[in-house]
Amino acid sequence: MQTMILLGEGYEETEAITVIDYLRRAEIPIDIVSINEGLSTLGDHGIEIIADKMLDDIDVDAYDMVITPGGRPGAEKLAGDPRVTNLIAKQYDKKKYIASICASPIVLNAAGIAGDLDGTNYPGFEDRVNYKHFHEDITFYDADHKVLTSRGPATAVYFALDIIKLLKGEATAEKIADALLLPMVEERAKEA
């Protein structure tokens with residue numbers, strides 16, 4: 001399974017970095033793809049990520065999943081770029097995976113597919129996404145359309161693990177969660 005994460009300017013760094021890191025830990029190939037004029041991308045909080053590739057230089061048909069991180073300016077840049085919305089619409093038509101977190105489900109709306117979907121997004125963006133059915137879950141997977149969505153920065157861990165679960169199975173996702181001590185943290189949170 002080949003994946004890509006699309007970065008412009010102003011993305012939410014936690015969401016981008018968590019997904020990249022967790023997928024690489026699970027040995028799922030992920031390319032960091034810049035929609036900018038160069039490989040340099042700058043997150044909403046001043047963290048620079050140097051992309052692996054430029055959007056104009058890749059074979060989009062080679063990818064099984066396209067991932068979009070949130071961050072208000074970053075998500076708006078993705079949603080306003082016809083190359084991105086065309087790519088998302090093409091992925092959807094080919095029944096390939098799409099994963100969007102936080103504010104970035106506005107990209108699904110801009111691509112003309114949100115109205116077919118059940119999903120979630122960052123609170124306050126409900127009127128900009130227009131899902132068929134909105135869910136308040138931390139993550140929500142619309143299995144009929146192969147689209148995973150999630151709420152925001154603190155849910156990035158679960159979003160990344162759900163991507164791993166979709167692409168490599170429950171056992172791999174659990175192995176990564178265990179190595180990161182997530183079950184221990186969750187148990188501690190219950191005790192608090």
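Where is Asn130 found? Asn130 turns up in the loop between helix H5 (126–129) and strand E9 (133–134); helices (H or I, at least four residues) and strands (E, at least two) are DSSP runs, numbered from the N terminus. The model is a predicted one, where local features need pLDDT of at least 70 and side-chain atom pairs count only at pLDDT 80 or more, while totals for chains, interfaces and linings use all residues. Residues are numbered from 1 along each chain as its sequence is written, and side-chain values use heavy atoms, with hydrogens and water left out.

Phi of Asn130 is near 60°, a positive value in a residue other than glycine. Most residues other than glycine have a negative phi. Asn130 is partly exposed, with a relative accessible area of 44% (buried means under 20% relative accessible area, exposed over 50%, partly exposed in between, with a 1.4 Å probe and protein chains only).

Next comes the sheet. Seven strands make an open sheet with mixed pairing, in the order E5-E2-E1-E6-E7-E11-E10; two strands pair if DSSP finds at least two bridges between them. Strand E5 (53–54) and strand E10 (139–142) stand at the edges with a single partner strand each, so one side of each is left without a neighbour in the sheet. E10 pairs with strand E11 (residues 147–150) in the antiparallel sense, over 4 bridges. Across this pairing, Tyr141 stands opposite Leu148 in E11, and Thr139 stands opposite Ser150 in E11.

E10 and E11 form a hairpin with 4 residues between them. Lys146 is in the loop between the two, E10 and E11, and its phi is near 60°, again a positive value in a residue other than glycine. At 25% relative accessibility, Lys146 counts as partly exposed. The charged end of Lys146 sits over the ring of Tyr97, 4.4 Å from its centre (a charge sits over a ring if NZ of Lys or CZ of Arg is within 6 Å of the ring centre and within 35 degrees of the ring normal).

Axes are lines fitted to C-alpha atoms, for helices over the stretch in contact, and angles run from 0 to 180 degrees between N-to-C directions. Helix H6 (residues 156–168) also packs on the sheet, touching E1, E6, E7, E10 and E11, and its direction makes about 175° with that of E7.

How do H1 and H6 meet? Their axes come within 9 Å and cross at roughly 35°. Among the residues making the contact are Thr18 and Tyr22 of H1 and Phe159 and Ile163 of H6.

The structure holds 1 aromatic pair. Tyr122 and Phe125 form this edge-to-face pair, 6.3 Å centre to centre with 75° between the planes; rings of Phe, Tyr and Trp (its six-membered ring) pair if their centres lie within 6.5 Å, and planes under 30 degrees apart count as stacked, over 60 as edge-to-face and the rest as tilted. Tyr122 is partly exposed at 37% relative accessibility, whereas Phe125 is buried, with a relative accessible area of 9%.

Notes. Contact means heavy atoms within 4.5 Å.
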